[in-house]
Amino acid sequence: MSHEEVMKIARKRGFLWSSFEIYSGVAGFVDYGPLGALLKNKIMNKWREYYIIKEGFYEMESPTVMPEEVFKASGHVDHFNDPMTQCKECKEVYRADHIIEEATGMDVEGLENQKLTEIISNRKIRCPRCGGHLTHVWSYNLMFQTLIGAKGKKIGYLRPETAQGIFTPFKRLLRFFRNKLPFGVVQLGKAYRNEISPRQGVIRLREFTQAEAEIFVNPKEKTHPRFHTIKSEKLKLYPAENQEKGKKPITITAGKAAEKGIISSELLTYHLWLAKKFLVDIGIPEDVIRFRQHLPTEMAHYAIDCWDVEIKTNRYGWIEIIGIADRTDYDLKSHSEHSKEDLKVFIEYKKPKIVKKETVKAKMDKIGPKFKKEAAKIIKALEDLDPKIVKKELEEKGQFKLELDKTYTLLEEDLEFEEIEETIKGEKIFPHVIEPSFGIDRIIYSLLLHSYKKEDDRTYFNFPADIAPVEVAVLPLVNKEKLVQLALKIKEDLRNNGFIAEFDTSGTIGRRYARIDEIGVPFAVTVDHQSLKDHKVTLRNRNDTKQIRISIKDLTRALEDLLKRRMKFQDLSRFYEIQD
RNA sequence: GCGGUUGUAGUCUAGUCUGGUUAGGACUCGGGCCUUCCAAGCCCGCGACCCGGGUUCAAAUCCCGGCAACCGCACCA
C-alpha cells in the first residue's frame with residue numbers, strides 16, 4: 001500500500017524506471033523495464049479480451065503524428081491552448097484569461113492573445129502577488145509540435161489522444177461495419193501531452209499509453225443488449241450533485257443509476273460496470289474503486305456526461321485512471337464541417353414515414369415559349385422554393401416575382417400546384433460516441449500499489465496468475481548437479497510449452513522463493529532428491545506458500561489450468577498430496 | 001513556471017559545517033563452499049561523490065549555473 005516501498009521494488013526489479021537516467025533524465029517519461037513490459041503487455045491483452053473478444057469491437061492503429069487539420073477540427077489547437085502571462089518582477093506565471101477575469105469580471109474566453117495583452121495594459125492589471133508589470137500574453141499549447149516533410153512547411157502534432165485516429169477514417173470504418181450502427185473501434189497506443197510541470201511520477205506523463213474504445217451508436221438507442229444481465233450489479237458513484245453539496249458517494253445498482261438518470265444512459269452505465277469488472281479481474285480490489293462524475297465546469301468541450309474511474313492511493317488520494325464519456329456527435333460533426341466530408345450514417349426507420357407534401361412545378365408549355373433560354377434556370381429555382389409562399393403571393397397579388405439574376409414575373413397559368421405523398425425510408429444522422437478511455441500507465445501504477453503485500457519478512461505482488469509477468473520459477477532445492485540438470489530440463493519443457501519460466505540457483509531455497517515472491521511469480525516448481533526417484537516435484541503457491549507434490553508429466557497441464565485460471569491452487573490440492 | 005529542501009555504488013548510509021592519504025560500512029547482486037523447502041553461515045568479487053564551470057597548491061566538501069527528485073504555489077482542453 002505504501003507508494004515509496006512499491007516504487008522502490010518496481011525500480012529494483014525492473015518494472016518501472018525513469019527514462020534517460022544517464023543523462024539526468026527528463027521529467028514525465030518512463031521506461032518499462034523487462035518485468036514492466038511483460039506486465040503491461042499482459043494487461044493490454046486482457047483489455048483486448050474484454051473489448052475485442054467479448055464486446056466484439058475491432059482494433060485499429062493510426063499514426064501518432066497527425067497534421068494540424070485534425071486538431072483544428074477536434075478543437076485541440078484552440079482549446080488545448082492556455083494563454084499565459086508572467087510577472088516581470090517576481091516571475092510568477094499566470095493564466096492570462098484567469099487573471100483578467102479576476103481583476104475585471106470580464107468574460108474573455110476565446111479572445112486572441114493580442115487582445116488579452118491589450119486588456120491587461122489598458123486596464124492596468126498588475127501581478128496579484130507583488131503588483132509588478134505583466135509580460136505580453138503567449139500561448140502554451142499542451143501538444144508537441146513538429147514539422148512534417150523536408151521543407152518543413154506542414155505543421156504536425158503528436159496526438160494528445162488516440163481517439164482522433166479513429167474519427168478521421170470514419171467513412172472507411174462505417175463501410176467496414178457495413179453501414180450499420182452500433183459498432184466499436186478500439187486503439188491501444190501512445191499519446192503525448194507536453195505538460196508544463198509533470199510531477200507524480202507515472203501518474204502524469206508526457207508520453208503515455210492509452211487504450212480507448214470509440215463506440216458509435218444511434219443517439220436514440222444508447223443501451224446495450226446485455227444491460228439486463230448487469231442491472232443488479234452495484235456501483236459506487238460520486239455524482240456531480242453530491243460533490244457540489246459536499247455529500248458522500250453512493251452505492252447503487254446499475255439498473256437504478258440508469259433509471260434515475262444519475263448516469264445519462266444505459267450504455268454509459270454498462271461501460272462503467274465493464275471498466276470496473278476489468279479492473280477487478282486484473283487484480284485491483286473493488287473497495288478502492290469509485291466512479292466520479294465530472295462537474296459541469298470541468299466537463300470537456302465535447303462531452304455531455306463523463307465519469308472518471310478513480311482509484312484510492314495513499315499518496316495522491318483518489319486518482320483518475322479511466323474516463324468514460326458520452327462525446328455525443330461533437331467529433332464527427334466537427335470533422336465533417338472541416339473536411340467537407342459526409343460523416344453521417346443512414347438510419348432506416350422501422351416503418352417508412354409517409355409525408356404529404358405540397359409542390360410547385362412550372363408548366364413547361366407556358367414557361368418554355370415565354371422565357372425561352374432562361375426557362376431552365378427558372379424551373380430549377382422553383383424546386384427550391386417553398387410552395388406555400390408562392391401560392392400566397394399569387395393569391396394576394398395575382399403574380400409571383402422570382403428574384404434571380406433579374407426579376408421574372410410568373411402568373412398563375414404558368415404554375416401548377418400539387419399535393420404528393422413521399423415515402424421516407426430513414427434519415428442521415430451523426431452517430432453519438434461513447435468513449436471509455438483507459439490510462440494504462442496509471443492502471444499499472446494502481447495495480448502495483450494494490451497488489452503489493454507484506455507479511456512478516458515476506459513481500460509479494462498478489463498478481464492474478466494470468467497477469468503475473470513471470471509465470472513459473474523452476475528451482476533445484478540445493479545446487480547438486482543432478483538436481484540442477486533436472487530443473488533445467490523442466491524449465492526448458494515449460495518454455496517449449498509456452499510458459500514464461502525462470503530458473504535460479506543463487507542463494508538458498510528460501511532466498512530464491514523470496515526473490516520470486518517479490519516479483520509476484522504465482523507458482524514455483526522445486527526439484528529435490530526424491531524427484532530423481534519418483535519423478536515428482538513440489539509445486540508451490542505464492543500467496544499461501546502451500547505446496548503439493550505432482551508428477552513431472554502432469555506439470556504442464558496443471559500449470560495451464562492454473563495460469564488460465566480454470567482452476568485454483570486449492571482445487572488442485574484435492575488431487576495431489578499436500579507437502580508441509 | 002515560482003519558492004523551499006535534497007542529490008555519495010542497485011538500496012540505506014558515514015564523510016560535507018571546519019577543503020588535505022587509496023571515499024568507509026551494511027544490505028543487495030555475481031562466483032564459490034556449505035545446505036534436503038521459505039531472505040542462515042563462510043570465502044572471493046563487481047560497484048558511487050548528479051552534470052558543467054569557478055575559487056584553491058588541493059574540491060564529495062566552498063561559490064555559480066544546469067538537471068533531477070521531494071514539498072508548497074501555479075498549471076492539468
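Leaving aside neighbours within four places in sequence, Lys-46 is in contact with Phe-278, Asp-281, Ile-282, Asp-466, Ile-467 and Arg-565. The model is predicted.

**Lys-46**
- Helix H2, which spans residues 34-54, holds Lys-46.
- Lys-46 counts as buried because its relative accessibility is 7%, and buried means under 20%.
- Among its contacts are Phe-278, Asp-281 and Ile-282; helix H12 covers residues 266-282.

**The nine-stranded sheet**
- Nine strands make up an open sheet with mixed pairing, in the order S3-S10-S11-S21-S16-S15-S14-S12-S13.
- The edges are strand S3 (58-59) and strand S13 (250-253); each has a single partner strand, so one side of each is left without a neighbour in the sheet.
- Strand S10 (residues 183-192) and strand S11 (residues 207-217) run antiparallel and are joined by 10 bridges.
- Within this sheet, Val-186 stands opposite Ala-213 in S11.
- Strands of a sheet pair through backbone hydrogen bonds, in either a parallel or an antiparallel manner.

- Helix H12 (residues 266-282) lies across S11, strand S12 (234-238), strand S14 (289-293), strand S15 (305-313), strand S16 (317-328) and strand S21 (432-439).
- The direction of H12 is at about 145° to S16.
- Helix H17 (residues 440-451) lies across S11, S15, S16 and S21.
- H17 also runs at about 145° to S16.

**The three-stranded sheet**
- Three strands form an open, antiparallel sheet in the order S6-S5-S7.
- Strand S6 (93-95) and strand S7 (138-141) are at the edges with a single partner strand each, so one side of each is left without a neighbour in the sheet.
- From one strand to the next, the twist averages 45°.
- Strand S5 (residues 81-86) runs antiparallel to S6, and three bridges join them.
- Thr-85 stands opposite Tyr-94 in S6.
- Helix H5 (residues 96-104) packs on this sheet and touches S5 and S6, with its direction at about 75° to that of S6.

**Nonpolar surface patch**
- Phe-20, Ile-22, Tyr-23 and Val-26 form a nonpolar patch on the surface, and together they have about 500 Å² of accessible area.
- Tyr-23 is in the loop between strand S1 (16-18) and strand S2 (30-32).
- Tyr-23 is exposed because its relative accessible area is 67%, and exposed means over 50%.

Methods
Residues are numbered from 1 along each chain as its sequence is written. Chains are lettered from A and ligands numbered from 1 in the order in which they are written. This is a predicted model: local features need pLDDT of at least 70, side-chain atom pairs count only at pLDDT 80 or more; totals for chains, interfaces and linings use all residues. Side-chain values use heavy atoms; hydrogens and water are left out. Helices (H or I, at least four residues) and strands (E, at least two) are DSSP runs, numbered from the N terminus. Buried means under 20% relative accessible area, exposed over 50%, partly exposed in between (1.4 Å probe, protein chains only). Contact means heavy atoms within 4.5 Å. Two strands pair if DSSP finds at least two bridges between them. Axes are lines fitted to C-alpha atoms, for helices over the stretch in contact, and angles run from 0 to 180 degrees between N-to-C directions. Patches are made of residues with over 30% relative accessible area and no salt bridge: like charges are joined within 9 Å, nonpolar side chains (Val, Leu, Ile, Met, Phe, Trp, Tyr) within 5 Å. Accessible areas come from the Shrake-Rupley method with a 1.4 Å probe; for residues, only the protein chains shown count as cover. A salt bridge is a side-chain nitrogen of Lys or Arg within 4 Å of a carboxyl oxygen of Asp or Glu.
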